[in-house]
Amino acid sequence: MRVLFALIVKELLVLSRDRHGLFVLFVMPAVFILIMSMALRDALDPSRLGSTTYLWLDEDRGYFALALGDALAARPRLTRLEAAGEAALLARMRADETLFAVSIAPGLSARIADAANGGKAALVRLHVSPTAPLQARLLFEAQLRAALASVQAEYLLEDQMGVPHEDAAKLRAQSDPANLVIDEVFVGANAAAAAPNAVQQSVPAWLVFAMFFVVLPLATSVLAERDQGNLQRLTLLNVSPVRLLAAKFPAYYLLNLVQLAIMLAVGVWLVPLLGGDKLTLAGSPVGLWLVASALSAAAISFGLLIAVLARSAVQATTLGGVANLVLGAIGGVMVPKLVMPPAMQAATVVSPMSWALEGCWDILLRGGGVRDVLPEVLGLAGFALAMFFAATAFFPRTER
Amino acid sequence: MGELYTSTVPKLPNLIEISHVGKRYRGAERDAVEDVSLNIGQGEIFGLLGPNGAGKTTLISILLGLVRKDRGSVRIDGHDMDRSLPQIRRLCGLAPQDLGFYPMLSVVENLRFFGAAGGLSGAALAQRVDFAVDTAQLDEHRRKHARVLSGGLKRRLNLALSLLHAPKILVLDEPTVGVDPQSRAFILDVIGRLRREQGLTVVYTSHYMEEVQQICDRVAIVDRGRVLTEGSMQELLGAPAAEGCRDLEDLFLRLTHHRLRD
């Protein structure tokens, strides 16, 4: 019993004197909970649910279209933005201004007549961003159907009251709201994209998160070299800090590419074998390689800076781990950006993980090409350069 | 210069000239090295003796440009440290106390890597690797990972690495710590042989008095960052301050006192 007591006391003493470890252990959950609570504040509190913005394009200008526009705008928590035309609508969606858009092509009356005769011509077109989470998509679609049904009910009422609109008779035949056909299209980078599945939507986030974790082995390897006296020997051989740190890139870049290949292979082959949805590798492979390369460079440079700033391998591991979690939480990797409050959504831009995520979405969800990912690639490359130069600047050339 | 004993002028031409060097680490209460002046001749084996925390490692780190001095000047082979640090570093080989190699690489991989990092390639690299392996008698361990080597073999690899670039000055920081008597004797023999055959200048720190007495031409005893005395073994033991001292250990304890150190 005495031995056990002595062991317990020793453990408490050792733990209480690890000030850096304790600081991280206490601060990390606080920071993490703060970020996650802020990110999920609106998603988990119905009273604070934010408004979903959508684009509206009415090219029919008929009575039904106007009525539908009014009915949809009257739905709760929907905010309408007007689109000037089909091209503008698609461009604004591709610029991530909204996740949804509704357009009504000319000739709605004819399509209603067709529907009355059992035709399946779509009355309206719902444009969806492939990045929109399934729940948000279903919710918006339900809102649109409700608006359609309310217009239909209005027609029927007018008909009953003896003031029928010319389309009312046609619409009356459509007593089942489900027969009001909505043409749902996913807005790709250049053309319509395939309907995304859960795997397609989740893989990019985990890909980005996993690749950034290269920070940990990299930082600990640099610190091990320092502790073992290797850096001292290399300094004596006049090896410059720039060369020393730059030499870390190829090995860890290769590691990141293998990670990427494994994660994609799991999505494409393993998940379907286990009954899940298959990951489809849409978009440009070169674009994906560019995003992965820029992400890898950003993660490696960040790891080098952590290694240079940390005093020990333990400190580097905790610092790197916490930084990854915080960047992931802010960057929309753990919580979709859509469900975050507006201020948090704006804050995602500070995390390089959000840029990488956007780049992966451009390729894997929107089927984009090299040109589509250039902004994200350049952003990540800039981040990588800044981190690398900071790491070389803080690298201790001589002990002061 | 020591306050108790002033050495005679060295007969050998000076390769290392340290003049009034001082260093205080950030946040420290006192200087790690305080007004140290030393001359070390070409081909000399110079011992730095001192208790823990005396400033030996700081002094050799300053000598190699690994720690920035606050005051004074260092000239090596005619090069001023403040102006020609890369040239000075090229002249020096270091066997650090912390060993300084990659445990996951084999003996020969470590040698090839550090050789290449220092600018050697092709036949020159192969030749220097072979020389280092032969000198440290590591031939039968060439393919072994450094992490599985015994303490003595690790020290020999450390020594081999310091010889790769054919340095003019070899700095050995406690090179025999934790090794068996056979390995210690071997390392001391190698150091002596390198000096004899190649005219290498050696700066040697150790806690082992008999070791220092055995191989060093001249010794400096340092404590609290200052040189207390300096000279050849005969000069040190023949000085008035050493009266009654049987050997270097007696003199060392008299000068640095018996009080336990941090």
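**From one bridge to the fold of chain B**

Within strand β4(B), R71(B) is the bridge partner of G22(B), and S73(B), also in β4(B), is the bridge partner of S19(B). The model in which these pairs are found is a predicted one. Both bridges belong to the contact between strand β1 (residues 14–23) of chain B and strand β4 (residues 71–76) of chain B, which pair in the antiparallel sense over five bridges.

Strand β4(B) also pairs with β5(B), again in the antiparallel sense, over two bridges, and here D80(B) in β5(B) is the bridge partner of R75(B). The two strands β4(B) and β5(B) form a hairpin with two residues between them, and in the turn D77(B) has a positive phi of about 50 degrees.

These pairings are part of an open sheet of four strands in chain B, with the order β2-β1-β4-β5 and antiparallel pairing. Because β2 (33–41) and β5 (79–80) of chain B each have a single partner strand, they stand at the edges, and one side of each is left without a neighbour in the sheet.

Seen as a whole, chain B has nine helices and ten strands, and its C-alpha atoms fill a box of roughly 55 × 40 × 40 Å, taken along the principal axes. For 262 residues a compact globule would have a radius of gyration near 18 Å, and the 18 Å of chain B therefore agrees with that expectation. Of the 262 residues of chain B, 44% count as buried, while among its contacts between residues at least 6 apart in sequence, 71% join residues at least 24 apart.

Note on methods:
Residues are numbered from 1 along each chain as its sequence is written. Chains are lettered from A and ligands numbered from 1 in the order in which they are written. This is a predicted model: local features need pLDDT of at least 70, side-chain atom pairs count only at pLDDT 80 or more; totals for chains, interfaces and linings use all residues. Two strands pair if DSSP finds at least two bridges between them. The radius of gyration is taken over C-alpha atoms; the globule rule is 2.2 Å times the number of residues to the power 0.38. A residue is buried if 20 or more other C-beta atoms lie within 10 Å of its own, exposed if 12 or fewer, and partly exposed in between; C-beta atoms are placed from the backbone. Two residues are in contact if their C-beta atoms, placed from the backbone, lie within 7 Å.
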